[in-house]
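Biologist: I have the sequence and the model open beside me. Could you take me through the fold before we turn to anything else?

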Amino acid sequence: MEKIYVEIEPSFYKPFENQRISSRLQGALNQISDWKRINSNMTSKSIRYIIVIGLNLRLKKEEQDNLDQFNKAQSDLEVVTWDWILENIKHLKEELKKRL
């Protein structure tokens, strides 16, 4: 069974500031690193991590591109915005019902 850990950040923080990871996203990434260290002893290797931060509508094109590139480089982590959550809530509910 897949486990998902979610780190939630406010919508008014950006994941990237121009080309750099924002300090708020870096804090969330540090939290994910802590969770990975704690979970490293678990027998289940099916663990995914999600960070919810910011609003896509407030990101510059460069910041959106950086977020896309960042996510493509990850294997068990995805950074999404609150807009993404709202747009995908129906699908997420359906997926959760299947798992419960």
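Modeller: Helix 3 lies across strand 1, strand 4 and strand 5. Relative to strand 5, helix 3 runs at about 135 degrees. Please bear in mind that this is a predicted model.

Biologist: And which strands does helix 1 lie across?

Modeller: Helix 1, residues 23-39, lies across strand 1, strand 4 and strand 5. Its direction is at about 160 degrees to strand 4.

Biologist: What is the strand order in the sheet?

Modeller: The order is 1-4-5 in an open sheet of 3 strands, and the pairing is parallel. Strand 1 and strand 5 are the edge strands, each pairing on one side only. From one strand to the next, the twist averages 20 degrees.

Biologist: How many bridges join strand 4 and strand 5?

Modeller: Strand 4 and strand 5 pair over 4 bridges, in the parallel sense.

Biologist: Changing topic: what volume does the largest pocket have?

Modeller: Its volume is about 550 Å³. The lining of the largest pocket consists of 20 residues, and those nearest its centre are I4, I50, L92, L96 and R99. Two or more lining residues come from each of strand 1 (3-8), strand 4 (47-52), strand 5 (77-80) and helix 3 (82-99).

Biologist: Which element gives the largest share of that lining?

Modeller: Helix 3 does, with 9 residues.

Biologist: And what is the lining like by class?

Modeller: The lining has 12 nonpolar residues, 7 charged residues and 1 polar residue.

Biologist: Where is confidence lowest in the chain, and where is it highest?

Modeller: Confidence is lowest in helix 3, with a mean pLDDT of 84, and highest in strand 5, at 97. The chain as a whole averages 91, and 96% of the residues score at least 70. For the pocket, then, note that helix 3 gives the largest share of the lining and is also where confidence is lowest.

Notes
Residues are numbered from 1 along each chain as its sequence is written. This is a predicted model: local features need pLDDT of at least 70, side-chain atom pairs count only at pLDDT 80 or more; totals for chains, interfaces and linings use all residues. Side-chain values use heavy atoms; hydrogens and water are left out. On a 1 Å grid over the protein atoms alone, a cavity is a set of points where a 1.4 Å probe fits but cannot get out, and a pocket is an open set with protein on both sides within 12 Å along at least five of seven lines; lining residues have an atom within 4 Å of a point. Grid points are joined across faces, edges and corners, and a volume is the space filled by probe spheres set on the points. Ala, Val, Leu, Ile, Met, Phe, Trp, Tyr, Cys and Pro count as nonpolar, Asp, Glu, Lys and Arg as charged, and the others, Gly among them, as polar. Two strands pair if DSSP finds at least two bridges between them. Axes are lines fitted to C-alpha atoms, for helices over the stretch in contact, and angles run from 0 to 180 degrees between N-to-C directions. Contact means heavy atoms within 4.5 Å. pLDDT is the predictor's confidence in each residue, from 0 to 100.
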